[in-house]
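Please have the sequence and the structure open while I talk.

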Amino acid sequence: MKHVPYNEYLVEVIQQLRQGGLFLNTKGEKNNTMTIGWGGINIYWSKPIFVVPVRKSRYTHGLIEKAGEFTVSVPLKEDMEKALEFCGTTSGRDFNKFKECNLTPVPGQKVNAPIIKECSLHYECKVVYKQDMVPDNLDAEIAKEYYSPPDYHTLYFGEIVACYLT
Ligand SMILES: Cc1cc2nc3c(=O)[nH]c(=O)nc-3n(C[C@H](O)[C@H](O)[C@H](O)COP(=O)(O)O)c2cc1C
């Protein structure tokens, strides 16, 4: 395990968001993970923040609401296409996705949520702000394309408290 600055792999994170997605990991009674294709690393309040958009219908939504923390695991060289597809189309309500995809959960160092051993890059995050999308504030074309039916995102702003390679 090697700690790295939060901003060392920004380009790789954006590339992976556009080509398959990242794993957003949470822990409730059991570990869960879901694929995200949006979000990213920003600066707010002089802190490095990973913003993740999670629709209210996701099992993950309730888990983050309860725990107030999450991790993001990013494949760098690894081919995780099949697992990203599975974790982006099935719910933790119905499946143990770690078991189904042979993913190994490793406890986070500073949060209870796990990271995925099979990925090389990890961010551990504590939620410092959240924002439910306000439908009236949204561009009409985007609303039509992405929110019919109206399953809006909550944006979770997670302060990055650890970033490392495994
Ligand atoms: C490539 C890809 C990107 C996705 N991005 C997001 C996202 O950014 N936000 C979101 O709420 N759902 C996103 N999803 C859908 C969730 O991953 C999917 O609904 C998942 O089954 C939710 O799992 P859960 O119910 O265990 O939380 C994406 C799916 C795929 C395949």
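Let me start with the ligand: strand S3 (31-36), S5 and helix H2 (59-67) each supply at least two residues of the shell around it, where helices (H or I, at least four residues) and strands (E, at least two) are DSSP runs numbered from the N terminus. This is a predicted model, in which local features need pLDDT of at least 70 and side-chain atom pairs count only at pLDDT 80 or more, while totals for chains, interfaces and linings use all residues. Residues are numbered from 1 along each chain as its sequence is written, and side-chain values use heavy atoms, with hydrogens and water left out.

The largest share of that shell, four residues, comes from S3. As for individual atoms, a backbone N or O atom of Pro 53 lies 2.8 Å from a nitrogen atom of the ligand, and a backbone N or O atom of Tyr 59 is 3.0 Å from a ligand oxygen atom. In Thr 60, a side-chain N or O atom lies 2.5 Å from an oxygen atom of the ligand.

Turning to S5 itself, eight of the nine residues of this strand (residues 47-55) are buried, so S5 is largely enclosed by the rest of the structure; buried here means under 20% relative accessible area, with a 1.4 Å probe and protein chains only. S5 pairs with strand S10 (residues 153-165) in the antiparallel sense over seven bridges, pairing being assigned if DSSP finds at least two bridges between two strands. Within S10, Leu 155 is the residue opposite Pro 53. S4 (residues 40-44) also pairs with S5, in the antiparallel sense over five bridges, and there Gly 40 stands opposite Val 51.

Definitions and conventions
Buried < 20%, exposed > 50% of the residue type's maximum accessible area, 1.4 Å probe, protein only. Polar contact = N/O pair within 3.5 Å; in protein donor to acceptor, adjacent residues only side chain to side chain.
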